[in-house]
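Here's a quick briefing to read alongside the model. Take a look at the chains first, then come back for the details.

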Amino acid sequence: MNSRDPQNSTGEERASAGGVRLRTLWLRLLSEQFKQHRTRLLFGFVALISVDFLQLFIPLIVKQAIDSLTAGTGTMVHLLHISAMIVGIAGTVVVLRYVWRRLLIGFSRYLERSLRNQIFSHILAMDQYFFSRRTTGDIMAHGSNDLAAVQMACGMGMVAAVDAIVLSLAAVGFMIHIHPTLTLYALLPLPLLAVATRILSARLHHRFNHVQEQFSLLTEFARSAVVSVKLIKAYTFEQHQIDRFDRMGETYIHANIRVAMINGLLFPVSSLIGNCGLLIILVFGGRLVIDGAITLGDFAAFTTYLQMLIWPMMAVGWVANLTQRGITALRRIDDLITAEPILVDAPANPLLLPGTGKFRAENLTFSYPGSTIKQLDHVSFAVDSGIIGITGATGSGKTTLCKLLLRLYPVDDGSLFFGDLDVNRLSVDQIRSQISYVSQEPVLFSDTVSANIGFGADDVSLETIKAAAEDADIHQEILDFNNGYDTVIGERGITLSGGQRQRIALARALVAERPILVIDDGLSAVDTSTENRIIEALRKRFENKTVFIVSNRIKLLSMTDRILILETGRLMADAPHETLLRTNSFYQSIHRKQMQEAGTNA
Amino acid sequence: MRNYGGYMEKGQSTPFYDLKLWLRILKCTRGFKRAMGVAVVLAVGVTVAALSLPYLVKTGIDTYITAVDLSPEQRFSGLVRIGGISAALILCGFVLTFLQVVLLEWVGQSVMHRIRQQLFSHILSLDLAFLTKQPTGRLVTRLTNDVQNMYEMFTSVIVTLFNDLLRLAGILVVLIFMNAKLAALMSLFLPLAMVLIVTFASLAREKFRAIRSQLSRINSFVQESVSGMSVIQLFNRQSWLFSQFDGLSREYLERTLKQIRLFAAFMPLTELMSWVAISMILLYGGFQVIDKRLTIGELIAFIAYMRLFFQPLRELAQKYSIVQSALASAERIFSMLDTERKIKSPPSALPIERINGAITYKSVSFAYEKDIAVIDDLDLTIDAGQTVAIVGPTGSGKSTLISLLQRFYEPQKGTITIDGHDIRDLDLETLRTIVGVILQDVLILDDTLLANIVMNSGCSRARVEDILEKGGMRPFVDRLEQGLDTRIGDGGRELSSGEKQLLAFARAMCRNPAILILDEATASIDSETESMLERAIETITDRTSIIIAHRLSTVKRADRIIVMESGRIVEQGNHQHLLSRNGRYAELVKLDSFAEEQEQGIGTSGSTESPEPFPIQHSNGDPL
């Protein structure tokens, strides 16, 4: 599913304040899965309800045995008969229970998988706004906690709800059949149990969350201490860290004891209330037996039914909490899944963009959403091909310009053109498939070097990968790794230096073979002689194509065909290196500074 | 993406009967003996209360309900009396259970807290040589999950186990007391149940482990995807990525379904067992009732006890797997605690009064890993008060030289002295106070800037202000909204890498170290901060300083430049001297594109952004 899914177009409904209505949630997230698995659900519930009724017959059979024994009419054959019946029913129950567990709980896992896939595929279609508003942790929470909550509610929760309703209604029916008034007395304490469970388990959940929070604080503290153990030792800061860890541990103990206070009540409360019912049966039911109103078998059956009722009563409270949590989780998932990218994708009929390295900006003006500061202010320039440098102080708008080229943010009509076509008439995918990009701190994945470079395009041959690596001047270093191109990068593999990361990211961009290459300060950690070789290689590779390099290094800029200088969003200059050295005071000043750095008195 | 992130322990099972391990676990409860004793007494109370109820019901039936020879009124008042006793017992049971749960939680948590503290301070004291070889995840797991596993055993197992076993034993005793033969029949179910439980528990553990590992695979996949989303989208790899994800999520589904099948099979089986037991009681007990060897009340009590009997059995199944993972965790924790550190303060440290800061390395050799010498028979003497710059390619041993001086590692050969004292004769803490460091990595506490500067040095605010003034770092503080009281770190203001170095500088000056070490930042620093940092460094003239230099401007200012390569000093002298020698140093400067630019009349190295003006060589570098 992506943002164009028709189901998401019902966005107005959710705009009405106060969250999404349950019906909408049901339609959007659940109904399809329920429909798809309806046969499974049907058989599952039939099995579940059958189990409930079969279970209820057993006390009746036991009652018969006891009655016949009390009356002295019981015979061995009769007892044998009764025992066989119990075992037979129990055997059937076992089979049916197996069936419903597999079908119904299994269903919840299918549902979970479908939601998980929906979430992930939706995330893949989201833009930078989306990711800037949510932390990775938030998104991860949707993918784990919220899914688990929905799975529990639609699995065990749904089963327990049906089971509790059927079992309790039927058990009460059987009890009323034996003796209505005694039923009333015996059931008196049970609603209390439901209420107590509901209150306690809600509070338990709350306090348990607190424990989890404390635990993650503790984990995070331990992690950061372990990571910076060298610094801690260098500052002889061990005792301070131990003391802080100690205080956090104390808080953690406290949070746990608060949970234990509830836990210590929750389960005893159920046996307390169940036993109260038993007490009532003992006294009042005993009285009825004495008076001859019911038999001793009835008495025994009554106690069994009462014990059977304890579980549904506890379940009521539990199910209520599960449902509530499930719905909250569904809302959050729904929130995520209906979030739409601000960058409206294709216009109704996108024009076809021929492969080109040509683009131009006309009075391009841009502010980030929610901000009035103009990051770019009437910037105009045109690029046909060649290597273009961009420079300017921090915050002058260099990176913003790159992001706009990549269509990460929307621009006004008539301000940005690719191959003479207005970008707003083109689809985002089309434009992006023209550009490859290298950032200052590139993201690499925990995979082999060759997979990381080959990530740039589909089915890349090893030759292509090696050629790209050679042009990015990283080939030789890769061969020096333990497993060459099969070396794994990241936590489980080798750690790369900043320069190596940048060059691998460059190779990845080269593999994509696109007419425009944007390097956003992406050679900053590469030393100058390597940089030299890379630019030479790029010049060959990108003949008649475009390379757009953001940098503050005069050395690198001097190798470009022309240089754009930005200052607080305005284009101050657009000329080759030599011209700028003569005419532009900003350029002259950074040049002078970098010259001094290098030392002049050699 | 092939990320198998999320740290997973290797599968291992600790034998159940490892007596030494049990004893050591028991030792951890030192100081809680009395509380444990109380818990045991409470457990006995709870069991007695729970087990007397069916017996009271039986008494009610046999003595009153079916006692035809008494008058109805007598029978009913007897019943009420029994009801009263039961009510009292029920209430007692409730209160005792509550007390027991809370008490055990307290004991368990306190014991675990102690273990965790012990482990934490132990880990902080261990040698870097050991720590750097451990994945972060492993150490953190020891401190958190492993301790948590042990705790689960303490509260929910050791004593619940005790509760359950006590209850099982109690039921058997009551039953034998009521009817020995029937009791013997019921106890036949015990071994059967045990076999079932142990089988199930080990199967379930396996399934859960499989599910957990798959979930952590999914989680790290999502995490990596989210952080790399811009790359994924820019390269249009969404559908490829989704198919990868779909594979992971399908595997997860398969694994959860397997677990459901196991539970679907096992859960009803215990139920079946309890019904079979009841039917056998009915059959056999029924015969005995017919033969008048058993009363109806006893038969009903038997059935009630049977229900109580199977409940703890089911719990034992869960506890069994908890015990298994707790034992494995305990073993891992203890083995970590048993790891000894090699670098310790000497038993009687040299008393230190004043340190001038003269340093000598005498034929020092060091290797992180065998045979790969990082420092190779190195001799170096630095006079007190001298400023020395160390230059050289990555991996040449610059940082290692510093680590050895701080005694993070012990050289395999040779000695290092400060003012003629072997550093091994100095108290570790004193040594690390003498050597002040400004590293590229800066430890940031979630606190105010002031607290971050002072740390544990006990510096007053006025002194900090003075240091900032002298170092020309006022502008740095002034441009923060609340000056020294600005909160930094998580949830506070983010500092740039240049600002972090300024912080580290102020921090080091607070401690007034006799020897100052500076590892210059390689990352981009804005020019204002950079010049502030440069000026600040220029103000240190009164103490020995060693600078791992990345900037030519710094190098030139040093009294002496040391050029390192593969763990040796290849050249030393001042800037002019070294340039005129036209050796390795001159080459390094040339490689910095210096000469080439000279020809064009455009001198530049672009060092504002260049992290490493000297050629980068691939190496593992500093292991931290």
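How many residues of chain A are in contact with chain B? In this predicted model, 143 residues of chain A are in contact with 156 residues of chain B, where contact means heavy atoms within 4.5 Å.

**The interface**
- Chain A and chain B bury about 13700 Å² between them, 70% of it on carbon and sulfur atoms; buried area is the accessible area (1.4 Å probe) that two parts lose on being put together, summed over both.
- The rule picks out 23 residue pairs in polar contact across the interface of chain A and chain B, both residues at pLDDT 80 or more.
- A polar contact is a pair of N or O atoms within 3.5 Å; within protein, one must be able to donate a hydrogen and the other to accept it, and residues adjacent in sequence count only if both atoms are side-chain atoms.
- On the side of chain A that touches chain B, helix α10 (residues 238-290) of chain A gives the most, with 27 residues; helices here are DSSP runs (H or I, at least four residues), numbered from the N terminus.

**Salt bridges**
- Over all chains, the whole structure has 39 salt bridges (a side-chain nitrogen of Lys or Arg within 4 Å of a carboxyl oxygen of Asp or Glu).
- Between chain A and chain B the count is four.
- Arg287(A) pairs with Glu73(B) at 3.3 Å, N to O.
- Arg113(A) and Asp246(B) form a salt bridge too, with their closest N and O atoms 3.2 Å apart.
- That pair crosses between chains, from helix α4 (residues 76-124) of chain A to helix α9 (residues 238-290) of chain B.

**Ground rules**
- Residues are numbered from 1 along each chain as its sequence is written, and chains are lettered from A in the order in which they are written.
- Local features need pLDDT of at least 70, and side-chain atom pairs count only at pLDDT 80 or more, while totals for chains, interfaces and linings use all residues; side-chain values use heavy atoms, with hydrogens and water left out.

Notes:
Helix = DSSP H or I, 4+ residues; strand = E, 2+ residues; numbered from the N terminus.
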